[in-house]
Amino acid sequence: MANAQTGGPAGPPGAGQRTGLAPAALWLLAGLLAVRQAAAVLRLPPERRFTELERWIGENGVLHVRGSLYDSAGEKFTGTPFGGLVLKPLTRAAENSLGLGWTFGTLLLVAAVALVAARSLPRPVSRRTAQFAAPAALCLTVLSLPVRNTFTLGQTSILPVLLVLLGCALPRLAGGTGRAGGVLVGLAAALQPAVLLFAVLQWLTGRRRAALTAGGTFAACTALAWALMPADSAAYWVHHIAGAGLGQAPDGLANQSLHGLLLRLGLGGPAELALYGLLSAAVAVLGLRRAAAYARDGQLLLATAVTGCVTVAVSPTAWQHQTLWILLAVVGRVGRRRADRLVWPVMVVLVMTLTSTVLMPDKNPVLRPIGDNAPLLAALLAACAVPFLTRDREHWDRPVPTPVSAPRPGRLSWVPLFRFWKRPLTRPNVLLELMLIRVGYWFYSYIRASAPDERALAEGHGRQILGIEEFLHLDVEHGFNRFVASVDWLTGAMNYYYGTFHFLVPVSLLVYLYVRRPGTYRWARTALSLATLLALVGFWVYPLAPPRLMPGRGFIDTANGPQDLDNPDFGALTELSNQYAAMPSLHIGWSLWCGVVIAAVAPRAWMKWLGMLYPLMTFLVILGTANHYVLDALGGALVVTLGFAIQYALAGPGRGTAAPPAEGGRPGAEGPLDAGPVVREREQTPA
């Protein structure tokens, strides 16, 4: 939201209409996402709906019993005594509506949070930002894990966020005498004690009356709960020390606080508490000072987000539904170059919308802890480390533009080019590329694994392929597979090649292009991505059993040994991935992509020919190991050809010219472009 810039001079005819359609489409998407989320909750059986709400309103729920909220026979209540006091009157309504009112009430709170956040952006706001901010905020909020978790569990953690946003981020309520903002923050702290840190933010920014009002409101609400529920208040504030220890185990991954991290690292006892106290104090001091500086700069929403990230880190327990503060940090602007502006918001959105196994490989012992603790790490970065720009910085609203070039026809001048597609000439941001590659690979793996894998259908398609090859006299797989299986050293070499080179060579080539030929990197990366997307369509539309899984055909699985084809699961083999995603062959597709790229960038003829031998070697390997058919290879070649064709239509030919140096960096290396004069993105000014 905050990174969007206003348009420049008046555009071509029809530009205003297109600008109006885009926000409308985004609003429609936000509405569909909200309806889908509500429907997903209401479709659940009553016993699986609002599992946390069941703790309050169920037959043995804590709000029905006459005893303590925290020592009941059922599951323990995790909120404050004041929260229990407020929720008791809602018990009957929640029971009678079967969750319908609760669902739509939560949905209204989520919408209110998104709209208030959009209205709290620092002024002045460009017309484009004003159009897109609210629907974009609603989309991101509904998709975020904290909100999805809140919908499923029936929690009330959205309410403190809304109260704080109204009291600290919305300029109309945050200004003035400050009493209204103080009351709102005090009420939020009575529901979630760590929120009282926002009173410290108010004090540091000179709103001392608001800070005192917040503290007084919190004290009054807590005292009221003490008067009406003395035993529960003593249990919560004294025995459990502000709720610590209630709910799930504090060392579980659901607890994204410093305390939870230290416990997961194996620390415990007084040493862990002392270290936790020191780290929390350091984070609180540094984070609140940074938040106060951003608030004085007029970035109230960013100041609120930074303070919220501090509360996540220093709370004894910060469950997933209490981490929505991290998503608000997406408004911070980082970086001098326009190409770098997306790195921070994309990282925040990925962390707050995707699970840990998507962010990092769950089988990698080094990277998995990063994914498991990604929300906490993002909160710590936002609170203490990320150098958000202030509004007086030169590049606040005028980032260094990216040199681009319009597509220019090559030899195939009859191919229509998309003139609106601008071709960046500089090296993309490496962090952004790594994040997108990781998510893209997870998406590829997910779609491949989710493609239809019905055995009868896949084997039927296999018989079709073999029949076509027999008719065309291309059925050479069986004889060649038998020959490879009879030569031990050839079998071992091909098995190693098949399992190793498929990823190693493309990744190595991408790294080389990124470092030495940034322009070629963009051209090649886009073609590879398009080819892979087309292959996913093939996996889904035409599930195909590879030769090694075709019963009665005599093929030998050289890598995994004989398979029991009478067993539908084929032992443990099918647990690895969808074994019926054979058409098209991405082993051929990716290797042919490598060959084309090497032929395009290699300086000598023998290197070009050596590069083109790689797909030929791969073709022999996939046949020799009985993993693909000849027609699979043709399918892989087809998707790569289409990938390069679409890339050509978007950006023209890929012949080389020098890419300009990045701003403040060394001169760029050779790119693939022959696309006319280099221009820079039009600099845009605020409205």
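Student: Before turning to particular stretches, I note that pLDDT is the predictor's confidence in each residue, from 0 to 100, and that a contact means heavy atoms within 4.5 Å. How many contacts beyond four places in sequence does the model have for residues 53-65?

Tutor: This is a predicted model, in which local features need pLDDT of at least 70 and side-chain atom pairs count only at pLDDT 80 or more, while totals for chains, interfaces and linings use all residues. Residues are numbered from 1 along each chain as its sequence is written, and side-chain values use heavy atoms, with hydrogens and water left out. Over residues 53-65 the pLDDT stays under 50, and the number of such contacts is 43.

Student: What is the mean pLDDT of the protein?

Tutor: Of the residues in the protein, 78% reach a pLDDT of 70 or more. Over residues 656-687, however, the pLDDT is below 50. The mean for the protein is 80.

Student: Is Cys168 buried or exposed?

Tutor: Buried means under 20% relative accessible area, exposed over 50%, and partly exposed in between, with a 1.4 Å probe and protein chains only. The relative accessibility of Cys168 is 1%, so this cysteine counts as buried.

Student: Where does Pro551 lie, and which residue is 8.3 Å from Pro551, C-alpha to C-alpha?

Tutor: Pro551 has a relative accessible area of 33% and is therefore partly exposed. Its place is the loop between α26 (518-541) and α27 (586-601), where helices are DSSP runs (H or I, at least four residues) numbered from the N terminus. The residue at 8.3 Å, 92 residues away in sequence, is Glu459.

Notes
Helix = DSSP H or I, 4+ residues; strand = E, 2+ residues; numbered from the N terminus.
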